[in-house]
Amino acid sequence: GGLYEGGVGGFVEDDSGALWVITKGKGVLRSPDGGDTWTEFNTGLTGHNNISSMVLSKTGDLFLATSGHEDGIFKLAKGAKSWEPYTVKGIPGTWPDATSKQLGAMAFNKAGDLFVGVFYGGVWRLPAGGDSWQATGKLPNQTWKNFVQAADGRIWTSGLTSLASTTDDGANWTMATMPPVQVMTVALDEA
């Protein structure tokens, strides 16, 4: 059958050509044949209704960020059949209480460090091979919901009403001058 007719929150294509999508209500779906057929792929997830983002590492591992009652990060190692909880050590609890992580967008930089936006909690970085997340430089208190990396290594992130970039893995952020608008997503045209 075709893709679930509901909200699709994001997708990636792995090195085998399989498509992976995150959905509202069905969790993770996988298509090995260019989108002709889809299978749920939720084994190991503690919940699959609040997946906020998915990224693919250079080694072919998939990572999910979740929020709500299932908050946390999950990893699907390349070729694995089940998601495994991944470290959130160091990320503070945020809204609505001190135990909830409320995670948003994720991205890898060229060095393999993983970045995650935290709902009203800034942007956090897990160094490649590390086991504890570190706060990045000061950003306005809002939800950072999209990331994109330029060819020169600069990382851009968009918040609800802001756009920021870093050239030093988040130690310092430069705010872009923006009109008073809500930022929905960010993309680069490096042509």
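On a 1 Å grid over the protein atoms alone, a pocket is an open set of points where a 1.4 Å probe fits, with protein on both sides within 12 Å along at least five of seven lines, and its lining residues have an atom within 4 Å of a point. The model is predicted, so local features need pLDDT of at least 70 and side-chain atom pairs count only at pLDDT 80 or more, whereas totals for chains, interfaces and linings use all residues. Residues are numbered from 1 along each chain as its sequence is written, and side-chain values use heavy atoms, with hydrogens and water left out.

The second largest pocket has a volume of about 270 Å³, a volume being the space filled by probe spheres set on grid points that are joined across faces, edges and corners. Its lining holds 17 residues, and K24, I51, S52, S67 and L103 lie nearest the centre. Two or more lining residues come from each of strand 1, strand 2 (19-23), strand 5 and strand 9; strands are DSSP runs (E, at least two residues) numbered from the N terminus. Strand 9 gives the largest share, three residues. By class, this lining has six nonpolar, nine polar and two charged residues (Ala, Val, Leu, Ile, Met, Phe, Trp, Tyr, Cys and Pro count as nonpolar, Asp, Glu, Lys and Arg as charged, and the others, Gly among them, as polar).

The largest pocket contains about 360 Å³ of space. Of its 21 lining residues, M54, V55, M106, A107 and F147 are the closest to the centre. Strand 1 (8-13), strand 5 (51-56), strand 9 and strand 13 (146-149) each contribute at least two residues to this lining, which comprises 13 nonpolar, seven polar and one charged residues.

Strand 9 (residues 103-108) is largely enclosed by the rest of the structure, because five of its six residues are buried (under 20% relative accessible area with a 1.4 Å probe, protein chains only). Strand 9 pairs with strand 10 (residues 114-118) in the antiparallel sense over four bridges; pairing requires at least two DSSP bridges. Within this pair, M106 stands opposite V116. Five residues separate the two strands of the hairpin, and G112 in the turn has a positive phi of about 90°.

T157 belongs to strand 14 (residues 155-158) and is buried, with a relative accessible area of 0%. A polar atom of the T157 side chain lies 2.8 Å from the backbone oxygen of N146. Not counting residues up to four places away in sequence, T157 touches W144, N146, F147, S162, L163, A164 and W173 (heavy atoms within 4.5 Å).

Terms used:
Buried < 20%, exposed > 50% of the residue type's maximum accessible area, 1.4 Å probe, protein only. Polar contact = N/O pair within 3.5 Å; in protein donor to acceptor, adjacent residues only side chain to side chain.
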